[in-house]
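Q: Could you take me through one part of this model in detail? I'd like a close look at a pair of packed helices and the loop that joins them.

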Amino acid sequence: MTSSVLVANFTQEWVECLRGWHMEYFFIPTIVVTLATLLANPVLLSCIFLSRALRRETRYLLVANTLMADMLFLILNLAIMICIAVSAQVPWVVCGLFTAVTVTAYCCTVLTITLMVVDTYAAVRWPLRYHDLLPPARTHRILVGVWVLAAVSRTW
C-alpha cells in the first residue's frame with residue numbers, strides 16, 4: 001500500500017472515532033457566549049456612537065473598533081461552526097473568503113488592543129498635549145490604517 005492510502009485510512013478511522021465522542025456538544029457553550037456577546041456589543045456600540053462626548057474620545061473610538069472587529073469575527077466564526085455542525089459543503093471561494101475576513105478581524109482586534117496600550121501611554125506621558133496628539137480625525141485615520149494593515153498582513 002502507498003502512503004497516501006495509509007493516510008486516508010488513518011484519517012477515516014480518526015473521523016469515525018471523533019464522531020463517537022459527540023464533539024458537537026462543545027458547540028453549545030460557544031454558541032451561547034457568542035449570542036450573548038452579539039447582544040451586548042451593539043448596545044455598547046450604540047452608546048458610544050450616540051454620545052457626542054464619547055465619539056470624541058480616542059479610547060472609546062478604539063473600544064468601538066474592537067467591538068466591531070469582535071462582532072465581525074464572531075459572526076463569521078458562528079457561520080463556520082453552523083456549517084460544520086450541519087456538515088454543509090462550502091465552496092472553496094467562500095471558505096477562503098471566510099478565512100481571510102476572520103483572520104483580518106482577529107488581527108484588527110489585536111492591533112487595536114495594542115493601540116489602546118499606546119493610547120494609555122500617551123495619555124499618561126503627555127497629559128497636556130494628549131488631545132493635540134490624538135484628535136478624533138487622526139484616530140479615524142489610524143483605525144482605517146489598522147484595518148488595511150490587518151487585511152494586507154494576512155496575504156504575507
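A: Over residues 71-90 the chain is 75% helix and 0% strand, with its end C-alpha atoms 22 Å apart. Helices here are DSSP runs of H or I with at least four residues, strands are E runs of at least two, and both are numbered from the N terminus. This is a predicted model, where local features need pLDDT of at least 70, side-chain atom pairs count only at pLDDT 80 or more, and totals for chains, interfaces and linings use all residues. Residues are numbered from 1 along each chain as its sequence is written, and side-chain values use heavy atoms, leaving out hydrogens and water.

UniProt, in an unreviewed entry, puts "transmembrane region" at residues 26-50, 71-90 and 96-118; such annotations may be inferred rather than shown by experiment.

Now the packing: α4 (residues 58-85) and α5 (residues 92-125) meet at about 155°, their axes 9 Å apart. Axes are lines fitted to C-alpha atoms over the stretch in contact, and angles run from 0 to 180 degrees between N-to-C directions. So α4 and α5 are roughly antiparallel (over 145 degrees). By class, their contact has 15 nonpolar, six polar and three charged residues; Ala, Val, Leu, Ile, Met, Phe, Trp, Tyr, Cys and Pro count as nonpolar, Asp, Glu, Lys and Arg as charged, and the others, Gly among them, as polar.

In the loop between α4 and α5 sits S87. Most residues other than glycine have a negative phi, yet S87, not a glycine, has a positive one of about 55°. S87 counts as exposed because its relative accessibility is 57% (exposed is over 50%, with a 1.4 Å probe and protein chains only).

How values were computed: Angles under 35 degrees count as roughly parallel, over 145 as roughly antiparallel, 65 to 115 as roughly perpendicular and the rest as oblique. Buried means under 20% relative accessible area, exposed over 50%, partly exposed in between (1.4 Å probe, protein chains only).
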